[in-house]
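Hi,

Here is the structure I said I would pass on.

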Amino acid sequence: MRATIRSYVQAAKARSEENDDAGFSLIELIVVVVILGILAAVAIPVFMGLQADAANSARDTVAANAASQYAAEKASDDAYTFVEADFDNLADGGTYAIDNTGTETLDGFCITVTAGTASTSGPGCPAPADED
């Protein structure tokens, strides 16, 4: 009887070693791939939007810096007139086109920075349209 129990235990142990589930099933792998695909489909458009937002923010910053620079020049010398070459320090190797679209007065200038689309800064710029 003892030998029978021993042989039964050894046979059960051998069967469990034979049928050992050492990896993932195909269904489990497919579920993981589908979940990763859904996450990628959601994340990629978000990251693309971040890149466009960063470009817009950089252009807005250049416009604000150019307006500050123009105001400082105009305040120190009332005869100063806008010269685009004076803003080469902000043009980033020609990435931005900088122009004064307002008047040549301290309270009427409007600096426009163009790189694809335009950003403006200065007291003479039109008020932005309401975005709904």
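A term to start with: by a polar contact I mean a pair of N or O atoms within 3.5 Å; within protein, one must be able to donate a hydrogen and the other to accept it, and residues adjacent in sequence count only if both atoms are side-chain atoms.

Before the details, a caution: this is a predicted model, so local features need pLDDT of at least 70 and side-chain atom pairs count only at pLDDT 80 or more, while totals for chains, interfaces and linings use all residues. Residues are numbered from 1 along each chain as its sequence is written, and side-chain values use heavy atoms, with hydrogens and water left out.

**Overall layout**

You'll find two helices and three strands in the chain (DSSP runs numbered from the N terminus: H or I of at least four residues for helices, E of at least two for strands). Their order along the sequence is α-α-β-β-β. Of the 132 residues, 18% count as buried; buried means under 20% relative accessible area, exposed over 50%, and partly exposed in between, with a 1.4 Å probe and protein chains only. The chain exposes about 9,600 Å², and carbon and sulfur atoms supply 60% of that (Shrake-Rupley method, 1.4 Å probe; for residues, only the protein chains shown count as cover).

**Strands 1 and 2**

Strand 1 and strand 2 run antiparallel and are joined by four bridges; strands pair if DSSP finds at least two bridges between them. Ala97, for instance, has Thr114 in strand 2 as its bridge partner. Strand 1 has a covered face, made of Ile98 and Asn100, and an uncovered one, made of Ala97 and Asp99.

**Asn100**

Asn100 deserves a look. It sits in strand 1 and counts as buried because its relative accessibility is 11%. What does its side chain reach? A polar atom there lies 3.1 Å from the backbone nitrogen of Cys110, and one lies 3.4 Å from the backbone oxygen of Thr103. Leaving aside neighbours within four places in sequence, Asn100 is in contact (heavy atoms within 4.5 Å) with Tyr70, Phe82, Phe109, Cys110 and Ile111.

**The disulfide**

Cys110 also takes part in the one disulfide of the structure. Its partner is Cys125, at an S to S distance of 2.1 Å, where the cut-off for a disulfide is a pair of cysteine sulfur atoms within 2.5 Å. The torsion about the S-S bond is about 105 degrees, so the disulfide is right-handed. The pair links distant parts of the chain, 15 residues apart: Cys110 is in the loop between strand 1 (97–100) and strand 2 (111–115), and Cys125 is in the segment after strand 3 (117–121). Cys110 and Cys125 are both buried.

**The core**

The largest nonpolar core has 14 residues, and those with the most contacts inside it are Tyr70, Phe87, Ile98, Ile111 and Val113. Such a core is a set of buried Ala, Val, Leu, Ile, Met, Phe, Trp, Tyr and Cys residues joined through side-chain atoms within 4.5 Å. Helix 2 and strand 2 are the elements that give two or more residues to this core, and helix 2 supplies the largest share, five residues. Val113 touches Arg59, Val62, Ala63, Tyr96, Ala97, Ile98, Ala118 and Ser119, not counting residues up to four places away in sequence.

Val83 is in the loop between helix 2 (26–76) and strand 1. Val83 is partly exposed, at a relative accessible area of 38%.

Cheers
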